[in-house]
Amino acid sequence: MTIREFLSDRLGKITGQLCCTVAAALFLLATGTSSGVIVLLLLFLLLIFITTQAAEYLKCHRRLSELNALMQGLDQKYLFFECAPPPRTVYEQKLFELMRCSGRAMIGAVSDAQASMQEYREYIESWVHEIKTPITAARLTCRHMDSDNRRKFSAELAQIEAHVERVLYYARAESPERDCIIRQTDLADIVSQAVGNHRTLLIQNHMKVETGDLDFTVYTDRKWAVFLLGQLLQNASRYRKIPSPQEDESPNTPEETEAVSSSIRLAAMPCGRRIQLTVSDNGIGIPSHELSRVFDRGFTGSNGRLRGGSTGMGLYLCRRLATLLEIDLQISSEEQKGTSLTLTFPARHTAETLHNCKTNPY
C-alpha cells in the first residue's frame with residue numbers, strides 16, 4: 001500500500017476531521033481566544049494528526065506485507081485464510097471469519113471436482129484398455145476377408161486405434177507423475193518404434209520415410225515420445241499432396257506419382273547440450289495466418305475442413321505432452337511446400353530436475 005492509496009482510502013475521515021478542526025478554531029476565535037493561541041493549538045493538533053496517521057500507515061503496511069509474503073509462499077493459494085496469522089482487530093476477525101467460510105466452501109468444491117475428475121480419468125483409462133480387446137478381435141477377423149476389403153477394414157481399425165490412443169494420453173496428461181518416467185533413451189529407437197507403429201498407415205498413404213543422423217541420446221519418457229512422434233507422422237500422412245489425374249502427365253498412375261512425391265524426413269542434430277529432432281514433410285503445408293493457432297485445442301484449420309475427419313486435438317496434445325516433457329516444440333510451414341516441426345529435447349540436468357518434480361510433485 002502506497003501513501004497515496006492510504007490517504008485516498010481515508011479521504012472522507014480526513015475531510016471530516018479537518019471540518020471539525022476549522023469549526024473549533026472559528027468557535028474559539030468568536031469567543032475572544034487569542035489568534036496566537038489558536039495557531040499554536042492548530043499546530044499541535046496537526047502534529048498529533050500526522051503522527052497518528054503515520055503510525056496507522058506503518059501498521060497497515062507491515063500487516064499487508066506480512067499477508068502478501070504468506071500468499072507468495074503458498075503453492076495452493078486458496079489455502080491462504082487457513083494459514084493466515086490471527087486477526088488483530090474485531091473488524092479483521094469478522095472479515096477473516098467470512099473469508100475463511102468462503103475459502104472452505106471453495107476448497108470443498110475443488111476437492112469434489114478433483115475427485116470427480118480422478119474417477120473420470122480412471123474410467124477412461126479402463127475403457128481404453130477394454131476397447132482394445134474388440135479392436136484386436138476385429139483385426140483378427142478381417143484376416144479372412146478378401147484383400148481389398150481387408151485393406152479398407154484395416155485402415156478404419158487403424159483410425160479407431162489412433163483415436164483411442166489419443167484419448168488415453170489425453171487422460172494421462174492430467175496426472176503425468178503416475179506414468180511419466182524420464183530416463184536416458186536412444187533417439188534412433190524412439191523414431192524406429194514410432195515409424196513401426198504407423199507402418200501400415202504410411203504404406204497405405206504411399207509415404208516415403210527418410211532418416212538422417214539419429215545416433216543421439218536424449219532424456220525423455222520413451223513411451224510418451226513415441227506417441228508424440230506418431231501424431232506427427234499421422235499428420236504428415238493426412239495432409240500429404242494428392243496429385244489429380246489431370247496434373248499427372250506421365251504414364252504412371254496417380255498412386256505411383258504420389259508414392260514418389262510424398263515423403264517425410266526425420267533428422268537430428270546437437271544444439272549445445274540439447275538435441276534437436278526435425279520432422280519435415282513435403283505435404284500441402286499450412287497457411288501462414290493459421291500457424292499461430294495450430295496448437296490450439298479443437299482448431300482444425302482450412303486443411304482439416306478440406307480433408308475432413310480432423311478433430312483439432314492432435315497438435316494440441318503434442319504441445320501439451322511436449323510441455324510436460326520439457327521438449328520445445330516449434331513449427332514452420334509453407335503452403336504447397338511442406339511443414340517442419342522441431343523438437344528440442346532437454347539437457348540431462350534439466351531432465352533430472354523434471355523427473356524429480358514428476359515423481360515427487362509435492
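R63 and E66 both sit in helix 3, three residues apart, about one turn of the helix. Helices here are DSSP runs (H or I, at least four residues), numbered from the N terminus. The side chains of R63 and E66 meet in a salt bridge. That term means a side-chain nitrogen of Lys or Arg within 4 Å of a carboxyl oxygen of Asp or Glu.

The model is predicted: local features need pLDDT of at least 70, side-chain atom pairs count only at pLDDT 80 or more, and totals for chains, interfaces and linings use all residues. Residues are numbered from 1 along each chain as its sequence is written, and side-chain values use heavy atoms, leaving out hydrogens and water.

The structure holds eight salt bridges. Among them are these:

| Pair | N to O distance |
|---|---|
| E56 and R10 | 3.8 Å |
| R63 and E66 | 3.7 Å |
| E165 and K132 | 3.9 Å |

E165 in helix 6 and K132 in helix 5 are 33 residues apart, so the pair links distant parts of the chain. Salt bridges that share partners join D9, R10 and E56 into one network.

Burial comes next. Buried means under 20% relative accessible area, exposed over 50%, and partly exposed in between (1.4 Å probe, protein chains only). R63 is buried at 6%, while E66 is partly exposed at 33%. R10 is buried at 15%. E56 is partly exposed at 31%.

Helix 12 covers residues 314–324. Nine of its eleven residues are buried, so helix 12 is largely enclosed by the rest of the structure. Just after helix 12, E326 takes a positive phi of about 60°.

How values were computed. Helix = DSSP H or I, 4+ residues; strand = E, 2+ residues; numbered from the N terminus.
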